[in-house]
Amino acid sequence: MASVSNSLSFKHGLSLWCPQSPSLHRIRHSSAKNFQRRGFVVAYSSFANENREFVIVGGGNAAGYAARTFVEHGMADGRLCIVSKEAYAPYERPALTKGYLFPLDKKPARLPGFHTCVGSGGERQTPEWYKEKGIEMIYQDPVTSIDIEKQTLITNSGKLLKYGSLIVATGCTASRFPEKIGGYLPGVHYIRDVADADALISSLEKAKKVVVVGGGYIGMEVAAAAVGWKLDTTIIFPENHLLQRLFTPSLAQRYEQLYQQNGVKFVKGASIKNLEAGSDGRVAAVKLEDGSTIDADTIVIGIGAKPTVSPFERVGLNSSVGGIQVDGQFRTSMPGIFAIGDVAAFPLKMYDRTARVEHVDHARQSAQHCIKALLIGETIEIGNFDPKIATFWIDSGKLKGVLVESGSPEEFQLLPTLARSQPFVDKAKLQQASSVEEALEIARAALPVEAAV
């Protein structure tokens with residue numbers, strides 16, 4: 001089996017840009033600027049009573065970036081409180097299905113290595129960072145109720161918090177299989193936080209056969225990790241190919257071949273009837289609708305996520321996409337209450353639709369919507385994981401989108417410029433490029449002078 005660190009564990013990751021994707025920068029920096037101030041008493045610095053000027057509910061990545069923005073605007077010290085259900089300061093959650101899952105000889109990622117905001121090149125916000133900035137952190141004590149009229153929150157431990165302005169950043173929870181079909185059996189895993197990832201690692205250390213349900217990012221990343229553990233690995237999904245909403249069939253085939261070369265098996269177009277338990281009560285197999293079974297002692301479900309809206313239903317939900325409805329400045333229908341990150345249902349006026357804007361992953365989600373339009377044009381693929389691969393979407397001679405796998409930071413910086421400018425490119429010249437580097441240089445040369453980088 002080929003080394004996972006050289007094949008499935010991509011050095012720089014995947015980046016895709018297409019025109020009119022909503023800006024992550026906008027999400028990170030809007031939360032501290034647009035508050036409607038409400039009446040309350042402030043207990044500066046010491047929080048001697050229950051009053052807090054700004055309260056963020058949720059300790060995920062969106063909360064971490066919001067905290068950084070508060071600090072940048074001089075609005076944090078003694079004025080900001082973050083309430084989290086986790087035991088850790090906000091961190092870059094995508095690491096949990098990437099480097100975190102790899103065995104010890106692959107040097108797995110660990111905190112504080114991926115605390116917010118290392119994913120964007122910012123200062124690492126460790127627990128000490130929050131203390132130094134005067135930000136109150138309440139760990140392992142989720143909010144259980146809200147009184148909108150009294151502007152108060154109650155946590156699981158019974159703590160009463162009075163807020164002036166409230167930011168809901170509760171994120172998502174992993175979608176689960178129902179209990180009646182085995183979704184809660186021992187050995188069945190879902191990944192959303194460090195505790196989930198730790199539990200999965202404990203299973204991988206003892207596992208022999210792993211089944212991953214889902215052909216999206218989570219499924220691909222967990223399968224890559226399982227290969228690193230040298231485990232018998234199978235991916236099951238109902239679509240015709242991996243990442244069907246994003247990858248072209250040709251590009252998906254290249255990924256599937258790469259995974260197969262590393263021993264991963266695929267079961268496509270399959271529906272799961274139930275998960276079966278063994279004599280010890282642990283999961284032992286996956287039973288498909290066609291009657292066949294696949295043995296497994298560890299199963300990872302990666303079929304999406306749903307917004308965590310409780311206990312904020314009264315703030316105003318979007319029934320079509322889920323999440324809390326916000327306007328273009330992330331304001332909810334309730335004065336002084338905002339929602340950011342995965343839980344926010346944000347109006348994308350450029351598409352005339354509303355979508356949940358996920359803080360790290362939302363660029364990928366918006367790219368999926370964009371790619372549907374791009375697929376009516378042509379695609380040119382360069383490279384074959386040696387070590388890079390790139391796909392260029394061209395429509396009527398214009399470069400409409402670019403996907404690069406394992407590119408350099410400099411190459412990733414070029415992609416948004418190409419997406420915004422959509423230059424006309426020489427298709428024949430691009431097809432003849434001998435490497436991803438050469439193809440990107442051809443695209444760069446096609447940029448208008450004012451846009452060239």
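Leaving aside neighbours within four places in sequence, which residues is aspartate 141 in contact with? They are Val83, Ser84, Lys85, Thr155, Asn156, Ser157 and Lys159, where contact means heavy atoms within 4.5 Å. The structure is a predicted model, in which local features need pLDDT of at least 70, side-chain atom pairs count only at pLDDT 80 or more, and totals for chains, interfaces and linings use all residues. Residues are numbered from 1 along each chain as its sequence is written, and side-chain values use heavy atoms, with hydrogens and water left out.

The protein contains 10 helices and 24 strands. These elements are DSSP runs, numbered from the N terminus: helices (H or I) have at least four residues and strands (E) at least two. Of the 453 residues, 55% are buried. Buried means under 20% relative accessible area, exposed means over 50%, and partly exposed lies in between (1.4 Å probe, protein chains only). Among contacts between residues at least 6 apart in sequence, 63% join residues at least 24 apart.

Aspartate 141 sits in the loop between strand E4 (136–138) and strand E5 (143–147). Aspartate 141 is buried, yet it has no salt bridge. A salt bridge is a side-chain nitrogen of Lys or Arg within 4 Å of a carboxyl oxygen of Asp or Glu. The nearest side chain of opposite charge belongs to lysine 159, 5.4 Å away. For charge, Lys and Arg count as positive and Asp and Glu as negative, while His and the chain ends are not counted. The side chain of aspartate 141 does make a polar contact with the side chain of serine 157, at 2.6 Å. A polar contact is a pair of N or O atoms within 3.5 Å; within protein, one must be able to donate a hydrogen and the other to accept it, and residues adjacent in sequence count only if both atoms are side-chain atoms.

Glutamine 140 lies in the loop between E4 and E5. Its phi is positive, about 50°, although it is not a glycine. Glutamine 140 is exposed, with a relative accessible area of 57%. Glutamine 151, in the loop between E5 and strand E6 (152–155), also has a positive phi, near 55°. Glutamine 151 counts as buried, at 8% relative accessibility.

Strand E7 (residues 160–168) holds lysine 162. The side chain of lysine 162 reaches the backbone oxygen of lysine 150 at 2.8 Å. Lysine 162 and asparagine 51 are 111 residues apart along the chain, but their C-alpha atoms are separated by 4.6 Å.

Two cis peptide bonds can be described. One runs from threonine 116 to cysteine 117, with omega near 10°. Cysteine 117 is in the loop between strand E3 (80–83) and helix H3 (127–132). Another joins serine 310 and proline 311, with omega about 5°. Proline 311 is in the loop between strand E17 (305–307) and strand E18 (324–325).

The whole structure has 15 salt bridges. In one of them, arginine 52 pairs with glutamate 136, the closest N and O atoms being 2.8 Å apart. Arginine 52 lies in strand E2 (residues 51–57) and glutamate 136 in strand E4, so the pair ties together parts that are 84 residues apart in sequence. Both arginine 52 and glutamate 136 are buried.

Another salt bridge links glutamate 72 and arginine 68 (4.0 Å, N to O). Both lie in helix H2 (residues 61–72), 4 residues apart, about one turn of the helix. Glutamate 72 is partly exposed at 48% relative accessible area, whereas arginine 68 is buried at 15%.

Helix H8 (residues 409–421) and helix H10 (residues 436–445) have axes that come within 11 Å and cross at roughly 35°. Axes are lines fitted to C-alpha atoms, for helices over the stretch in contact, and angles run from 0 to 180 degrees between N-to-C directions. The contact involves Glu411, Leu414, Leu415 and Leu418 of H8, and Glu437, Leu440, Ala443 and Arg444 of H10. Buried residues of H8 include Glu411, Leu414, Leu415 and Leu418. Just after H8, glutamine 422 takes a positive phi of about 45°.

Arginine 444 is partly exposed at 24% relative accessibility, and glutamate 441 is partly exposed at 43%. Salt bridges that share partners also join Lys388, Glu411 and Glu437 into one network.
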